[in-house]
Amino acid sequence: MNFSQPLCRQSRQLNRLSQFSQFSISQNFHSSYTLRRFIMSSTNYKLVCLGNPLLDLQTNVSQDYLKKYDLKDNDAILAEDKHLPIYEEIINNKDLILVAGGAAQNTARGAQYILPENSVVYFGSVGNDVYAERLNEANAKYGLATRYQVQSDYATGKCAALIYDHHRSLVTDLAAANHFKPEHLQKAENWKIVEAAEAYYIGGFHLTVSPEAIKLLGEEAAKKNKPLVLNFSAPFIAQFFKDQLDSVLPYVDYVIANESEAEAYAESHGLSNTKDVAEIAKHVAQLPKVNEKRPRTVIFTQGTDPTVTVVNNGDGKLDVNEYPVKSLAKEKIVDTNGAGDAFAAGFVASLVEGKNLADSVDVGQWAAALSIQQVGPSFPFPKETYTK
């Protein structure tokens with residue numbers, strides 16, 4: 001798998017992208033904030049999010065195009081050499097939209113959309129380029145603060161979001177995102193933010209970059225009895241980064257995944273039943289845990305099928321529930337890219353607000369329904385407010 005490319009190898013693609021940046025990014029994410037102004041000095045954010053910041057290149061493609069590159073519907077992969085031509089090819093698509101992306105960054109923006117001002121801060125690694133500035137502009141519109149580690153030798157990462165009939169296939173070239181270092185979190189001004197936070201959210205994609213950084217947050221969460229949420233994010237995480245996933249799960253209080261990711265976990269861990277999401281959730285809920293003061297809670301979404309939750313209350317007592325998803329007319333669905341990130345945003349924002357599990361799932365489903373009525377992983381303005 002291709003984890004990153006030096007800046008010199010990406011310069012041609014970035015130059016080509018620049019012809020779109022003036023319109024496609026700044027028009028969609030216009031903000032009065034400047035990059036410097038929005039890197040705030042506050043240390044009192046309630047939620048810390050960690051992930052891989054990316055610029056999404058979103059476009060519609062045919063099923064034949066997906067087959068050409070051995071891509072699947074509703075999947076996410078890291079780009080291999082054979083996938084690299086995709087970025088050049090889709091630049092010429094008339095419907096190309098550039099969107100501030102990266103799964104955990106999407107969730108961070110969504111959580112800030114729901115929570116009061118100055119509630120969420122996001123950590124990740126970007127290049128020293130205009131695309132990092134555009135990501136900050138997009139985040140500023142939502143009020144999301146960023147603490148990027150800036151790389152001089154690598155460009156900001158990108159993700160081809162290929163849409164076919166309301167399904168999406170994501171192909172990611174991590175670039176700068178792949179070079180995040182735990183030391184960035186440990187800087188005095190950043191660690192103050194970590195220590196002051198009330199909850200932590202990790203995108204599973206970051207397991208390919210720095211499990212050590214995730215463990216740092218996990219140790220802090222366990223020591224201070226604060227919740228840590230991990231999203232599996234994609235099937236390949238459990239398939240190809242099994243050891244990294246297993247190394248951080250003991251610190252995780254809340255596990256979020258969809259049915260495909262749950263199945264991939266079951267297959268990679270040799271579970272006898274790889275299709276029953278409730279049984280898989282029970283297994284994950286009972287895994288060893290560092291902070292025994294908090295029960296392990298597993299949340300598996302299934303698209304329009306009910307969301308399944310399992311809570312391990314200790315002594316072998318598992319609380320299993322299903323939460324039906326409210327129907328949404330097909331004509332209202334604009335784009336399902338980022339629906340899972342939006343669910344996670346609603347859920348983790350509710351966690352910060354102290355809501356119970358049932359209400360947190362409901363807010364997650366509401367946020368997902370709101371997002372899929374927009375283009376890309378975004379939310380409508382003026383802001384809409386959740387009502388039970």
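Select leucine 57: its bridge partner in strand S7 is alanine 160. Helices and strands here are DSSP runs numbered from the N terminus, with at least four residues (H or I) for a helix and at least two (E) for a strand. This is a predicted model, where local features need pLDDT of at least 70, side-chain atom pairs count only at pLDDT 80 or more, and totals for chains, interfaces and linings use all residues. Residues are numbered from 1 along each chain as its sequence is written, and side-chain values use heavy atoms, leaving out hydrogens and water.

**Stay on leucine 57.** Leucine 98 in S4 stands opposite leucine 57. S2 and S4 pair antiparallel over five bridges. S2 and S7 run parallel, joined by seven bridges. Two strands pair if DSSP finds at least two bridges between them.

**Now show the whole sheet.** Five strands form an open, mixed sheet in the order S3-S8-S7-S2-S4. S3 and S4 (97-101) are the edge strands, each pairing on one side only. From one strand to the next, the twist averages 25°. Axes are lines fitted to C-alpha atoms, for helices over the stretch in contact, and angles run from 0 to 180 degrees between N-to-C directions.

**Select 103-114.** This is helix H5, which lies across S2 and S4 and runs at about 80° to S4. Contact means heavy atoms within 4.5 Å.

**Select 157-164.** Strand S7 is mostly covered, with seven of its eight residues buried. Buried means under 20% relative accessible area, exposed over 50%, and partly exposed in between (1.4 Å probe, protein chains only).

**Follow S7 into its hairpin.** S7 and S8 have two residues between them, and aspartate 165 in the turn has a positive phi of about 50°. Seven bridges join S7 to S8 (residues 167-173), which run antiparallel. Tyrosine 164 stands opposite histidine 167.

**Jump to serine 62.** Where does serine 62 sit? It is in the loop between strand S2 (54-60) and helix H3 (63-68). Serine 62 is partly exposed, with a relative accessible area of 38%. The C-alpha atoms of serine 62 and aspartate 165 are separated by 8.6 Å, though the two are 103 residues apart along the chain.
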